Structure formats: C-alpha cells, structure tokens
Amino acid sequence: MKLSHFNFKLPNDLIAKYPAKYRDESRLLVVNRKTGKFEHKVFKDIVKYFSDGDVMIFNNTKVFPARLYGNKEKTGAEIEVFLLRELNRDQRLWDVLVDPARKIRIGNKLYFGENDALVAEVIDNTTSRGRTLRFLFDGTYDEFKKTLFGMGEVPLPRWVRKKTEDIDNERYQTIFAKHEGAVAAPAAGLHFSRELMKRLEIKGINTAEITLHMGLGSFRTVDVEDLTKHKTDSEQMIINEENAAIVNKAKEAKKNVCAIGATVLRAIETSVTTQDLLKPYNGWTNKFIFPPYEFSVSNRLVTNFHLPYSTLLMTAAAFGGYELTMKAYETAVKEKYHFGSYGDALLFI
C-alpha cells in the first residue's frame, strides 16, 4: 500500500469542531465486512449488534494538560510548549515540542506563569522540532506536577480549533479514563456514556481495559510514499492479566471481541500468543498497522472517521479491508458524517 491510496476529498465543514450534545448520540455507520452492507444508526444503537458474553476492549488512558505557553528569556517571545513525555521525574526532564522551533536553542531559558512561577532550561535538541527541557523547581515532585499541569491546557488537536474551551476539559476525555499519560484522547471511546455502559452491562456484554498512552506518533505526518518505510513513535502500553483473561475467555467461547479504537487494535496486536490469544504486557509499542494485515484478537472494531493520510485511517482500512473502508469513507462524506476526534463513528462487524 502507498500513502497516496489514503487520500480523499474531505470538506472542511465536515471536521467536527465540537462534540455531539450527548456522547452516545453521534451518528454510527455500521459496515458488515462479509456482505458489504451499510446501515446508518445513532451510536447508542450499538447495543443491538452485540450479545451476552461478547467483549468490548477500551483504552483507559487519561489525557493530561499537555499544551503550555511560555516566554523566552531576554526577548520575551511567546513559545508554545507541547509536553510529550516525562523522561526523568527526579531531574524534572521532559521531551517536548516547541513552536516556533527555530527560535529555541540549547541553553535558552523559558518562563511560565505569573511572576515566572516555573522556569525551564533547554538541554537537548531531540528532533528537528523537539527538545528536552529541564524544569527548575525547588518543591516536591507532587508540587511540581501540580504547578506544571495547572498551567497546561487540554491538547485539543489544532485541526479541530485553535483554542480549547471549558467543554473540552470533560468531553476530550473518556468516562473510563484512569491512567494519566496521553496527549490525545482515544476518540472511539468518547462516544460511550454511563447510560450506554449500563445498557451494555444489562445485556451481558463484558468490558476489558488496556492502557495505551497516545503520543504524537499516531498523528505524525507520514512523509514516505512506501508505507513499509514509515516509522512510528513508541508509546507506552499495559495489558494486565485480569483483562487479558476476560478477552481470552470470550475468544475461547467463540464470542465477539470488539476493539474500541485503533489504539486498542495496536495494543492488543502487540502482545499475542501463538494461539492468537492476548498476552499480558507492560512496555512500549511502535507497531504500525496498515493493509494487508491479519488480525489475531478482535473480530470487530469501533473507530472514528479519520482525516486523509492518517495512520489511524490506515489501521482502520487494514481491519475493514481497503476497498470497503474507502467506500465507507466516500459514503460518510456524501451523507455528511463528521470527521475527527469529535466526529462520528464507524462500526465494522
């Protein structure tokens, strides 16, 4: 597969700027992979497609306020700092992206907050855009983290809108978010409300959780035509024994196993036994899934509608089949479904 295979015409007005009024009332395009049939539903109708003993796997990562605004020493120029991941908690070292990158050099100091409450020194250039910062802070680690995150904003993708708003603090987070560490929300999970989860429970549908802390790897631009040459950034993930057992029990009983989102697909395909069962894992993954690909664990997928050239679209196409997935996207554009993190959803059965 080539990068150019994942281009399609997406009108700007179909990129969702805001979430649906209620989480479970986004639109849902249901695609039957065997028959090629499409059905247009409301997301809460998803209950009808699952039965007692089926399992849905959720990503319980929690988005942290990763976007900061500071000022460069001497010039006072405003610098946007996007926190990627903590490298060393004792030394207060963080991998970050900075914008504008051309103005930042090793040794520069950046000042954040009122009265320069937080100061950081640039100690390394990690990529063409990235840097490593050492935050200079005299208090305890908990005080530092509270100060740092207190200055941050929810890192809503810029192609949604430029400034985050109060609504994003709640809605750019799933209801089962537990473990802080993501810079982007697992969008497919945003459609699940507490009421919908209760209806799934009453029907006997089980849930399992994995943790995959989304970095910018899922969104980094693919700049090679040959997809086999694309390298994705590593992201931290955890699958514990209890949740692996829930999934494996369903598989052994021939029940449906549904991955809620492309990030879940990546995680569960990272750690599989030779019998196609899910294996506990605590580490990192840089797995990049694109067509053709044979999946081992799940036989169903919920995913949002992604933007052209997106690696998330490529993963969805690997699951749904390239031609059927692109036909679904063509239908979604025609029917004015919404795309992106706050957009509508696609269910492959």
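Colleague: What should I know before I look?
Modeller: It is a predicted model: local features need pLDDT of at least 70, side-chain atom pairs count only at pLDDT 80 or more, and totals for chains, interfaces and linings use all residues. Residues are numbered from 1 along each chain as its sequence is written, and side-chain values use heavy atoms, with hydrogens and water left out.

Colleague: How many aromatic pairs turn up in the whole structure?
Modeller: The search finds 22. Rings of Phe, Tyr and Trp (its six-membered ring) pair if their centres lie within 6.5 Å.

Colleague: Why is the pair Phe112 and Phe135 called tilted?
Modeller: Their planes sit at 45°, with the centres 6.1 Å apart, so the pair is tilted. Planes under 30 degrees apart count as stacked, over 60 as edge-to-face, and the rest as tilted.

Colleague: Where in the chain are Phe112 and Phe135?
Modeller: Phe112 is in strand β8 (residues 109–112) and Phe135 in strand β10 (residues 130–136). Strands are DSSP runs (E, at least two residues), numbered from the N terminus.

Colleague: Is Phe112 buried or exposed?
Modeller: Buried, with a relative accessible area of 1%. Phe135 is buried too, at 2%. Buried means under 20% relative accessible area (1.4 Å probe, protein chains only).

Colleague: Switching topic. Which residue lies over the face of Tyr337?
Modeller: Arg27, at 3.9 Å from the ring centre. The cut-offs: NZ of Lys or CZ of Arg within 6 Å of the ring centre and within 35 degrees of the ring normal. Tyr337 also belongs to an aromatic cluster with Phe8, Phe305, Tyr329 and Phe339.

Conventions:
Helices (H or I, at least four residues) and strands (E, at least two) are DSSP runs, numbered from the N terminus. Buried means under 20% relative accessible area, exposed over 50%, partly exposed in between (1.4 Å probe, protein chains only).
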